[in-house]
Amino acid sequence: MSTAPVTTARGSVVAVLGVFGAAGFLLGQGLARVPAMRDAIGADKAELGLALMGMGLGSLLVMPLTGRFVDRFGSRAVVTATVLMACLGWAVVSLVTTVPMLLLALVFTGVAVGVWDVAMNIQATHVEQQRPRAWMPYFHAAFSGGAVLGAGTGALAAWSGVGLVQLPVLAAVAAVGGVLAAARFVPEGGEGDDGGEVVPRRGVTRVEILIGLVCLAGALAEGSANDWLALLLVDVHAAPEAFGALALTAFNLTMMIGRLLGGPGIDRFGRDVVVRGGGVLAAVGILVVTLVPSLAAALVGGLVWGLGVATIFPAAISAAGEVRGRGNRAITVVSTIAYGGFLFGAPSIGFLAEHFGLDRALFIVVAFLVLMIALSPVMRDRPRKGSDLAG
C-alpha cells in the first residue's frame, strides 16, 4: 500500500447546496399531495399510514450499505443514480391505484431517497472538512428551503385543481437540478491523520453509537413536530385547522433560519455547545406547547422547538465524518440510527397518545432530548483538514 499522501479537490459548496435543495424540493412537493394520493386509491387512515411507512422501510433497508457504495463508486455516481431513481419513484406514485401499489412505489422511492441522503452528506462532510468554517448547517438549510418551496408549489397545484400529474412534472425539475449539481461532486478520499491513505476500520465504534443517539434525538424531535404539532394544536388547544397548518409552516421556516445561524454559532462556540443549547431550547419549546393552555404561547413554543432542533442533525453528521478511520461508514451508521427515529417515532408517539393523550406522549421526546444533552460532549469539534485554508 502506498504511503504517499492522497490529495483531493476541495469540492463545490454550490454543488452540495444544489443537491440538498433538490432533495428537499422533491420530498416537499410529494408529501404536500398526500391527501390527493389517499383519494386516488380510496384508502382509510390506517391503510394510508401503512403505505407511507414504505418510504422509511425502503430507506432503512439499504442505508447501511451506502458507505460501501460510496467507497466503491464515489458519491457523484451514487447521488446521480439515486436522484434519477427517486424522481422515477415519485412519478410512479402518480399512477398507482391501490394501497399495495402505493406501498411498493414508496418502498422503491425510499430506497433511493435513503441512499441519496447519506451519499450527499458524505460529500458535504468532505467539502466542509476542506474548509475552516462549519458548512453543514447551511447545506441542511438548503434542504429545508427546498422542502418549503416544494411544499408550497404542491399546495399551489392542489389549490389550482391540478391532479397528481404534478408529481412527475416537479420530479423532473428536481432531477435536472440534482443531476447537474452532482456532476460537480469530487472524490472524497483524503489524508488520514498521519498523512497516509485512509483505510476504513472494521466494526462500528462506540463514538458512532453515541453520535447516533444524539442524531436520533434530533430526528425524533424534528419528526414529531412535523407529524404531530398541527394535530396537537387542533385537538388539544382547540385551534382552527388553518392555525395548525400555519404553526407547522412557521416551525419549518424557523428550522431553516436556525440552520443558517447554526454555522456561525458552531464556529464561535463549538459544536457541542450549540447542540446542548439546541436541546435545551427544543425541550423548553415542547413543554410550552404541551403544558401552557394558550394558542399564542403554543405558537411561540413551536418556534422555539424548531429553532432548538435545527442544528442537531447536521452537527451530528459533521461529527460522524470526523470519526478517525471510519469516515463514510460512520456517517452511514449515524444516519441509519437517526432514520430509525423518523420511522418509528410517529407510530410510537401515536400509540402513547391513544393511552395518555398526545400532549403527554410528547414527553418521550423531551426525555430523549435530555439524554442528548448528557451525551453532547461527544460532539466536540475535531480539527478540519481545511483549518489552514482561506475558505
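Colleague: Leaving aside neighbours within four places in sequence, what is Thr 66 in contact with?
Modeller: Val 115, Val 118, Ala 119 and Thr 332, where contact means heavy atoms within 4.5 Å. This is a predicted model, so local features need pLDDT of at least 70 and side-chain atom pairs pLDDT 80 or more, while totals for chains, interfaces and linings use all residues. Residues are numbered from 1 along each chain as its sequence is written, and side-chain values use heavy atoms, without hydrogens and water.

Colleague: Is Thr 66 buried or exposed?
Modeller: Buried, because its relative accessibility is 0%; buried means under 20% relative accessible area, exposed over 50% and partly exposed in between, with a 1.4 Å probe and protein chains only.

Colleague: And which backbone oxygen does the Thr 66 side chain reach?
Modeller: That of Met 63, at 3.0 Å.

Colleague: Switching to rings: how many aromatic pairs does a search of the whole structure find?
Modeller: Four. Rings of Phe, Tyr and Trp (its six-membered ring) pair if their centres lie within 6.5 Å; planes under 30 degrees apart are stacked, over 60 edge-to-face, and the rest tilted. One of the pairs is Trp 135 with Tyr 138, tilted at 5.3 Å centre to centre and 55° between the planes.

Colleague: Why is the pair of Trp 135 and Phe 139 stacked?
Modeller: Because their planes are at 20°, with the ring centres 6.1 Å apart.

Colleague: Which residues form the aromatic cluster?
Modeller: Phe 20, Trp 135, Tyr 138 and Phe 139 form one cluster. Phe 139 is buried at 0% relative accessibility, and Trp 135 is buried with 16%.

Terms used. A polar contact is a pair of N or O atoms within 3.5 Å; within protein, one must be able to donate a hydrogen and the other to accept it, and residues adjacent in sequence count only if both atoms are side-chain atoms.
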